[in-house]
Amino acid sequence: MEFSHVSVLLHEAVDSLEIKPDGIYVDCTAGGGGHSKAILEKLTTGHLIAIDRDPDAIKVLKERLGAYPNAHIVHDSFDHIKEILGDVRVDGILADLGVSSYQLDNRERGFSFHADAPLDMRMSKEGLSAADVVNTYSEAQLSKILWDYGEEKFAKSIAKNIVKARSEQPIETTFQLIDIIRASMPQKVLRESGHPARKTFQAIRIEVNEELTGLDTALDDMFSCLKVGGILSIITFHSLEDRMVKQRFQSLLEGCTCPKEFPVCVCGKTPCGKLHGKRKGVAPSEAECKDNPRARSARLRSIEKLKDKED
């Protein structure tokens, strides 16, 4: 299957970085290379570091970016960005946190609830799988994951029925899991809502790939890897990610912490960054959503570095 992926907010994301022809940039989730290629086309003597943890993506990136001698491809996860860059400081960093179309559409990867496939969902194709989570986690653990990461209001019922079903036989495929999810919800909800498995699949995928744990660490590390004046741009696809990015950016905007009754500042604290672009972030246009429905929930947020964080 060809590695096909439509880059969301392509022009908006690349423009947000304000590319300098001689700058150094990082695409933390290079995937099919859409954003990376657009950045490279704006560089002359500059360099791009394209990172991805999916081995299928790395093969494609080597083919699609091979004509650019200033493209450096790294097979790793973006939460290792400090180790990847070492002492190098960069002019811009982009991270598109969405699952690629290739991963969703390749049924063998087990990300989609629209096709029957082995329960996998591993972006790196290594380590803990969705089947491991479903078949080994306790009922309490499963319920917490579905509630925390999927905001699934039927989390307790689904977790209980997963444990019951796996006591009879292992849950190995996406459709097996979907049948359990359907049986855990009232008929009225099944008739009126969207696909019943969407939130559960999101939650398990986040757990398998440690998406929020990795992002929590990576946001600080990405910011620290910027030069002063550098820009960090993040594209999120669900409220949990977006909330985390928004809150982290907000903490970087904080300056004086003196009590309001103080006539002048005595703490001397100043912001580490300033928002770049719209305060509410940038959403895809109606035209983009029409052409690519998967872009609907995307949100682009950017911040410019003013100084390093104080320890």
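Reply: Start with a term: buried means under 20% relative accessible area, exposed over 50%, partly exposed in between (1.4 Å probe, protein chains only). This is a predicted model: local features need pLDDT of at least 70, side-chain atom pairs count only at pLDDT 80 or more, and totals for chains, interfaces and linings use all residues. Residues are numbered from 1 along each chain as its sequence is written, and side-chain values use heavy atoms, without hydrogens and water.

Me: Which residues of α8 are buried?

Reply: Ala155, Ile158, Ala159 and Ile162. They sit on the same side of α8, because they cover an arc of only 100° around the axis (taken from the directions from the helix axis to the C-beta atoms). The face turned away from that buried side carries the exposed residues Lys156, Lys160 and Lys164.

Me: What covers the buried residues of α8?

Reply: The cover includes α6 (130–136), α7 (139–150), α9 (174–183) and α11 (198–209). Helices here are DSSP runs (H or I, at least four residues), numbered from the N terminus.

Me: Why is Cys225 called buried?

Reply: Its relative accessibility is 1%, so Cys225 counts as buried. Cys267 has 29%, so Cys267 counts as partly exposed.

Me: How do you know how many disulfides there are?

Reply: A disulfide is a pair of cysteine sulfur atoms within 2.5 Å. The sulfur of Cys267 is 3.7 Å from the closest cysteine sulfur, in Cys265, so that is too far for a bond. For Cys225 the closest is in Cys28, at 8.7 Å, also too far. The count is zero disulfides.

How values were computed: Helix = DSSP H or I, 4+ residues; strand = E, 2+ residues; numbered from the N terminus. Contact = heavy atoms within 4.5 Å.
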